[in-house]
Amino acid sequence: MKKRIIDEAYRLFIIKGIKHTSFCDIAIAVHKSKGAVMHYFPSKKQLVNTVVEKRFIPASQLSQEIKLLSYKEWSEFIRHYKNPIERAIHDFPGNPDSIGLLHYMQFISSASEYMNEFPQIYQKLLEEEQAFLLNVTSKAVTKHNLIISDIQLFSRQTFEMSIGNTFLKLISFN
């Protein structure tokens with residue numbers, strides 16, 4: 001039951017926004033009473049913390065598959081690599097890719113209102129990603145495996161990571 005509440009809350013937080021999702025909305029989604037939902041999560045803050053920790057961060061983190069990609073040829077790595085923003089959007093319930101970035105931005109800005117440590121968690125996530133990419137790029141440069149098209153693809157990824165840094169700046173000021 002608890003996992004179902006977390007999954008439905010995440011889905012509703014993405015679709016409706018954290019602010020506009022009530023305990024009643026979640027209760028309806030899991031076919032239980034508001035009291036049953038509040039039994040597991042007495043406050044919205046606690047529910048948001050759990051959703052971030054159990055769904056959002058794992059979807060955004062480097063997976064073992066991505067880490068293993070770093071041992072492949074650069075061209076194969078860059079073809080399959082997705083940055084944390086792309087990974088989170090891809091994992092959104094219902095996969096709303098057409099407006100995924102908008103949902104992502106909304107989730108990031110709202111999460112920091114309910115979870116004081118969210119900006120630090122998000123910053124750590126981006127720093128780990130950047131360190132990983134620097135390591136992978138350094139290996140490829142050392143092997144002289146980079147070509148112009150690879151660098152262009154990597155530049156796109158770096159730009160999208162800067163979008164993540166922009167979100168971090170926005171949520172740090174809240």
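Which side chains meet in a salt bridge with N to O at 2.9 Å? They are the side chains of Asp7 and Arg55. A salt bridge here is a side-chain nitrogen of Lys or Arg within 4 Å of a carboxyl oxygen of Asp or Glu. This is a predicted model: local features need pLDDT of at least 70, side-chain atom pairs count only at pLDDT 80 or more, and totals for chains, interfaces and linings use all residues. Residues are numbered from 1 along each chain as its sequence is written, and side-chain values use heavy atoms, with hydrogens and water left out.

**Overall build**

- The protein chain has ten helices and zero strands. Helices (H or I, at least four residues) and strands (E, at least two) are DSSP runs, numbered from the N terminus.
- Along the sequence, the pattern reads α-α-α-α-α-α-α-α-α-α.
- The protein chain has 174 residues, and 44% of them count as buried. Buried means under 20% relative accessible area, exposed means over 50%, and partly exposed lies in between (1.4 Å probe, protein chains only).
- The accessible surface of the protein chain comes to about 9500 Å². Carbon and sulfur atoms hold 58% of that surface. The areas come from the Shrake-Rupley method with a 1.4 Å probe; for residues, only the protein chains shown count as cover.
- Take the contacts in the protein chain with a separation of 6 or more: residues 24 or more positions apart account for 72% of them. Contact means heavy atoms within 4.5 Å.

**Salt bridges**

- The whole structure contains seven salt bridges.
- Asp7 takes part in a salt bridge with Arg55. This pair links distant parts of the chain, with Asp7 in helix α1 and Arg55 in helix α4 (residues 44-60), 48 residues apart.
- Asp7 also forms a salt bridge with Lys3, where the closest N and O atoms are 2.7 Å apart. Asp7 and Lys3 are separated by about one helical turn, because they sit four residues apart in helix α1 (residues 2-16).
- Together, Lys3, Asp7 and Arg55 are linked in a network of salt bridges.
- How exposed is each member of this network? Lys3 is exposed, at a relative accessible area of 59%. Asp7 is partly exposed, at 21%. Arg55 counts as buried, at 18%.
- Arg87 and Glu129 form another salt bridge through their side chains (2.6 Å, N to O). Arg87 lies in helix α7 and Glu129 in helix α9 (residues 118-143), so the pair ties together parts 42 residues apart in sequence. Both Arg87 and Glu129 are buried.

**Aromatic pairs**

- The structure holds eight aromatic pairs. Rings of Phe, Tyr and Trp (its six-membered ring) pair if their centres lie within 6.5 Å; planes under 30 degrees apart count as stacked, over 60 as edge-to-face and the rest as tilted.
- The ring centres of Tyr10 and Phe92 are 6.2 Å apart and the planes stand at 75 degrees, so this pair is edge-to-face. The pair links distant parts of the chain: Tyr10 is in helix α1 and Phe92 is in the loop between α7 and α8 (100-114), 82 residues apart.
- Tyr10 is buried, with a relative accessible area of 0%. Phe92 is buried too, at 2%.
- Phe56 and Phe118 form a tilted pair, with 6.1 Å centre to centre and 45 degrees between the planes. Phe56 belongs to helix α4 and Phe118 to helix α9, 62 residues apart. Both Phe56 and Phe118 are buried.
- Ring pairs link Tyr10, Phe56, Phe92, Tyr104, Phe107, Phe118 and Tyr122 into a cluster.

**Helix α2**

- Phe23, Ile26, Ala27, Ala29 and Val30 are buried in helix α2 (residues 23-30).
- Why do the buried residues of α2 line one face of the helix? Seen down the axis, they fall within an arc of 160 degrees, so they line one face. The arc is that of the directions from the helix axis to the C-beta atoms.
- The cover over these buried residues includes α1, α3 (34-40) and α4.
- Just after α2, His31 takes a positive phi of about 60 degrees.

**A buried loop residue**

- Asn83 sits in the loop between α6 (74-80) and α7 (84-91).
- Asn83 is buried, with a relative accessible area of 0%.
- A polar atom of the Asn83 side chain lies 2.9 Å from the backbone nitrogen of Glu86.

Terms used:
Polar contact = N/O pair within 3.5 Å; in protein donor to acceptor, adjacent residues only side chain to side chain.
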